[in-house]
Amino acid sequence: MLEHIKIVLVNTSHTGNIGSAARAMKTMGLSDLWLVDPVTPIDEQAQALSAGAKDILEQSHTVATLAEAVADCGLVIGTSARSRTLSWPMLDAREAGEKAIAEAPQHKVALVFGRERTGLSNDELHQCHFHVAIPANPDYSSLNLAMAVQTISYETRMAWLNSQTQADVAEAEQTYPLSQDLERFYGHLEDTLLETGFIIKPHPGQVMTKLRRLFNRARPEDHELNILRGILTSIQNPGRKKGKGSS
């Protein structure tokens, strides 16, 4: 299950943080590191601070966008240190680890960490099914990137250890669409709403953002997403007759 969990670092500024994050991952049994548009490629400083986790760095993947990193993931959890104007389904660190392990047998899971200073952008957070916040001391809540990775990785490992004796049958029976399938659905939904005039391209407002929040909160399963896509297709093709080919 741990092999199905990605740690995704977005636009990391300091290579030392990449190395320290790799070390944090390896101590908890995680090995799949993805770097999204890092400011500087992996260098000697990253290797030095990885402290024995050089193999994690050597096997890491570097991509240009978060969408590429999570395209094959059925669950994406993004770290968020501050409240946003539009609330999103939230987990604490322990819940994030438990959810990641519960779903890892069915599909890949991404745990996403943002920039050292500003975290994840709103657009990036919108690509996540859930947000996770570490409940640090409100008087001094400064966690560096590697600390955050260590905390979430620890909770993930603890959930994995617990899963060895406590199988979550309900979650195992559910199959969820991959991130790339959800993005195609959102594109289909927006095209349909533009065609019907429900939204207009120059002034879409926050309709699509709110709809993303709705469907991310609902977590439609594979067959449910297929039904939704079918509904959109029927709206786009109103002339299609029911029961075509039948007498």
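## A bridge in the sheet

Val76 has Ala110 as its bridge partner in β6. Strand β4 (residues 73-79) and strand β6 (residues 108-113) run parallel and are joined by 5 bridges. Two strands are taken to pair if DSSP finds at least two bridges between them. Helices (H or I, at least four residues) and strands (E, at least two) are DSSP runs, numbered from the N terminus.

## Basis of the model

This is a predicted model, in which local features need pLDDT of at least 70 and side-chain atom pairs count only at pLDDT 80 or more, while totals for chains, interfaces and linings use all residues. Residues are numbered from 1 along each chain as its sequence is written, and side-chain values use heavy atoms, with hydrogens and water left out.

## Overall content

The secondary structure of the chain comes to 11 helices and 7 strands. The chain has 247 residues, of which 45% count as buried. Buried means under 20% relative accessible area, exposed means over 50%, and partly exposed lies in between (1.4 Å probe, protein chains only).

Of the contacts between residues at least 6 apart in sequence, 86% join residues at least 24 apart. A contact here means heavy atoms within 4.5 Å.

## Sheet order

The 7 strands form an open sheet with parallel pairing, in the order β3-β2-β1-β6-β4-β7-β5. Its edge strands, β3 (61-63) and β5 (90-91), each pair on one side only. Strands of a sheet pair through backbone hydrogen bonds, either parallel or antiparallel.

Of the 6 residues of β6, 5 are buried, so the strand is largely enclosed by the rest of the structure.

## Nonpolar cores

A nonpolar core is a set of buried Ala, Val, Leu, Ile, Met, Phe, Trp, Tyr and Cys residues joined through side-chain atoms within 4.5 Å. The largest one has 34 residues, and those with the most contacts inside it are Ile5, Ile7, Leu9, Leu33, Phe113 and Val149. A second, separate core has 15 residues, among them Trp34, Leu66, Cys73 and Leu120. In soluble globular proteins, nonpolar side chains tend to be buried together.

Leaving out residues up to four places away in sequence, Ile7 touches Met25, Leu30, Asp32, Leu33, Trp34, Leu111, Phe113, Val149 and Ser153.

A search of the whole structure finds 1 cavity of 30 Å³ or more. On a 1 Å grid over the protein atoms alone, a cavity is a set of points where a 1.4 Å probe fits but cannot get out, and lining residues have an atom within 4 Å of a point. Grid points are joined across faces, edges and corners, and a volume is the space filled by probe spheres set on the points. The largest cavity has a volume of about 50 Å³. Its lining consists of Val76, His126, Gln127, Cys128, His129, Ser179, Leu182, Glu183, Tyr186, Arg212 and Asn216. By class, the lining has 4 nonpolar, 5 polar and 2 charged residues; Ala, Val, Leu, Ile, Met, Phe, Trp, Tyr, Cys and Pro count as nonpolar, Asp, Glu, Lys and Arg as charged, and the others, Gly among them, as polar.

Helices α9 and α10 (207-218) each supply at least two lining residues, and α9 gives the most, with 4 residues. Ser179 belongs to α9 (residues 179-196) and counts as buried because its relative accessibility is 5%. Apart from neighbours within four places in sequence, Ser179 is in contact with Val70, Ala71, Cys73 and Val76.

## Loop residues

Most residues other than glycine have a negative phi, and most peptide bonds are trans. Ala51 has a positive phi of about 45° although it is not a glycine. Ala51 sits in the loop between α2 (44-50) and α3 (54-58) and is partly exposed, at 46% relative accessibility. Arg219 also has a positive phi, near 50°. Arg219 is placed in the loop between α10 and α11 (222-236), and at 9% relative accessibility it counts as buried.

Ile200 lies in the loop between α9 and α10 and is partly exposed, with a relative accessible area of 45%. The C-alpha atoms of Ile200 and Glu190 are separated by 9.8 Å, the two residues being 10 residues apart along the chain.

How values were computed
On a 1 Å grid over the protein atoms alone, a cavity is a set of points where a 1.4 Å probe fits but cannot get out, and a pocket is an open set with protein on both sides within 12 Å along at least five of seven lines; lining residues have an atom within 4 Å of a point.
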